[in-house]
Amino acid sequence: ADFDGRSYFYVANTGGEAATLDLRASKGLLGTGSVTVDTTAGAAIQVMKADKQEAVFSTGDAEGTLDMTVGPGAFEVKNTGYLVLGDRQKGTFRLTLDGAVSGRETPLLVKGTYPRGFVVGRQSGNAEVVLRNGRLGGVSNVSKQGVIVAETTGADACVTGRVVVAGGEVYASSVMVGGTWSGIGFGVSTQKTDPSAVRGELKLVDGLVQVSNKSPLGFGVGNATGVGLQTGGTVDVTQSAGAAVLGYGSGTGEYVLSNGTFATGRPLYVGGCRKADVQEAYYEGVSHAGDGAATGRLFARGGKLAATNELGIVVGADGRGRLEIGPDGNVTAKALVVSNNVEGVLAFELGARKAGTLKADKLVIAPGAKLEIDARALAADSRGTIHLADCGAVEGSFASSDVTILSPIGQEKRFAHAMILTERSGKKGLWLMLQPRGLIMVIR
């Protein structure tokens, strides 16, 4: 490997004997090039840092790429230090794990000590972790920071952090709160930055993303952007007292569920929430008094989204929120609240003959909330009534001026007198009814 002369390490196992790196006083690994940690015969990396100190892996001032590959074995963070992967760098740091970066108990953490947190991309440059097996994250009883992907500590930040989960898990469980974000956060900023300058990304192909105890899950926290793309695997927020949030403070959070499962036992906020909703101590950065600056978008295009908490899914609680359900989407919730504190939108993208599945014990529609239906793919010979949602109860209604329907080309007349129903044959829900006469929009 080609390094810049500052402190670094290289661990190899070509001789077949176990090798251990014990990182205590050294700053970390700095420079560019390629590092392979061959752990097939029991090699291990042990990051040993004192309280609040950091171990940093970074390209530094070099504009190239530092590629680090760790095979099956132990990559352990001990004591209560921070592990920062890609810090204030000009280049790109990339870590591929077939083993585990861990702070959890045996077998991933031998002596039961706890890390204070993991950061993937801080302040500048690009950082990426590809997880094929093992765990990124862990359990902490002292943590004020969980797993943060793209973080800023200054106003001049320009950083992108990315985690690709093709197996294994990203995990955070904190029994204490406070600091920056004590759960899992994709895009977290405590500075007055442009949200687009701090971007955290999750690509979940297989495996697990899980928070428990008091840890929240956030995309776009403070003044940052967080994006999730799930094509498989599971997101689990059922064991945590912390909420799941897309867009918080002045942040922008976007999530696309194409396959797999997203399950939460706590409220899922799409487009902001109050500090108290996510538990005030979880975020102690930029003052957040409910200014409505958050933006959240959730696209359920496939897979299964389940929200079992009594509050269920809240769209637009403290910002602009949008929940869009595609023809293969499947959303179930105890409650679905379409708010209008700033803007709340419930949207459906129809297939050739049907809408996706939406089931809610209760649908709450705030005055001014919006309904959008994209019916451009609907077949000309489809049924005249399209079932949009099953609801045990419906509170409120969508005003005709707040409903937008995009009709297929050539079917404009069929849609000219479309109706939205919230009750049909004694059942509650949402239906799109196409008929040749009647009011332009009727809400019952």
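**Questions about a predicted chain**

Biologist: In which strand is Gln-210 placed?

Modeller: The model is a predicted one, and local features are taken from it where pLDDT is at least 70. With that in mind, the place of Gln-210 is within residues 198–213, and that run is strand S17.

Biologist: Does Gln-210 count as buried or exposed?

Modeller: Leaving out residues up to four places away in sequence, Gln-210 touches Glu-169, Val-170, Tyr-171, Ala-172, Ile-184, Asp-236 and Gln-239. The relative accessibility of Gln-210 is 14%, and the cut-off for a buried residue is under 20%. Gln-210 therefore counts as buried.

Biologist: How many strands does the protein chain have, and what share of its residues is buried?

Modeller: The protein chain has 34 strands, along with two helices. Among its contacts with a separation of 6 or more, 83% are between residues 24 or more positions apart. The chain exposes about 16800 Å², of which carbon and sulfur atoms supply 47%. Of the 444 residues, the buried share is 58%.

Biologist: How is the aromatic pair of Phe-186 and Phe-219 arranged?

Modeller: A search of the whole structure finds three aromatic pairs. For Phe-186 and Phe-219, the distance is 4.9 Å centre to centre and the angle between the planes is 10 degrees. Since planes under 30 degrees apart count as stacked, the arrangement of this pair is stacked.

Biologist: Which strands hold Phe-186 and Phe-219?

Modeller: The two residues are 33 residues apart, and their pair links distant parts of the chain. Phe-186 is buried at a relative accessible area of 1%, and Phe-219 is buried at 2% relative accessibility. Phe-186 is in strand S16 (residues 181–189), and Phe-219 is in strand S18 (residues 217–222).

Biologist: Why is the pair of Phe-219 and Tyr-255 edge-to-face, and which residues make up the cluster of linked rings?

Modeller: The ring centres of Phe-219 and Tyr-255 are 5.3 Å apart with the planes at 75 degrees, so the pair is edge-to-face. Because Phe-219 lies in strand S18 and Tyr-255 in strand S21 (residues 252–264), this pair ties together parts that are 36 residues apart in sequence. Tyr-255 counts as buried, at 1% relative accessibility. The cluster that ring pairs link is made up of Phe-186, Phe-219, Tyr-255 and Phe-262.

Biologist: Which residue has its charged end over the ring of Phe-299?

Modeller: The charged end in question sits 5.2 Å from the centre of the Phe-299 ring. The residue that supplies this charged end is Arg-301.

Biologist: What is the N to O distance in the salt bridge of Arg-122 and Asp-87?

Modeller: A search of the whole structure finds 16 salt bridges. Arg-122 in strand S11 (residues 117–122) and Asp-87 in strand S8 (residues 82–87) are 35 residues apart, and the pair links distant parts of the chain. Both Arg-122 and Asp-87 are buried. Their side chains meet at an N to O distance of 2.9 Å.

Biologist: Which residue forms a salt bridge with Lys-354, and how exposed is that partner?

Modeller: The closest N and O atoms of Lys-354 and Asp-328 are 4.0 Å apart. Lys-354 lies in the loop between strands S28 and S29 and Asp-328 in the loop between strands S26 and S27, so the pair ties together parts that are 26 residues apart in sequence. Lys-354 is partly exposed, with a relative accessible area of 43%.

Biologist: With which residue does Asp-361 form a salt bridge?

Modeller: Asp-361 in strand S29 has its partner in strand S27, 27 residues apart. With the closest N and O atoms 4.0 Å apart, the partner is Lys-334.

Biologist: In S12, which residue is the bridge partner of Arg-94?

Modeller: Strand S9 (residues 92–97) is mostly covered, with five of its six residues buried. S9 pairs in the parallel sense with strand S6 (residues 65–70) over six bridges, and six bridges join S9 to strand S12 (residues 124–131), again running parallel. In S12, the bridge partner of Arg-94 is Glu-128.

Conventions: Residues are numbered from 1 along each chain as its sequence is written. This is a predicted model: local features need pLDDT of at least 70, side-chain atom pairs count only at pLDDT 80 or more; totals for chains, interfaces and linings use all residues. Side-chain values use heavy atoms; hydrogens and water are left out. Helices (H or I, at least four residues) and strands (E, at least two) are DSSP runs, numbered from the N terminus. Buried means under 20% relative accessible area, exposed over 50%, partly exposed in between (1.4 Å probe, protein chains only). Contact means heavy atoms within 4.5 Å. Accessible areas come from the Shrake-Rupley method with a 1.4 Å probe; for residues, only the protein chains shown count as cover. Rings of Phe, Tyr and Trp (its six-membered ring) pair if their centres lie within 6.5 Å; planes under 30 degrees apart count as stacked, over 60 as edge-to-face and the rest as tilted. A charge sits over a ring if NZ of Lys or CZ of Arg is within 6 Å of the ring centre and within 35 degrees of the ring normal. Two strands pair if DSSP finds at least two bridges between them.
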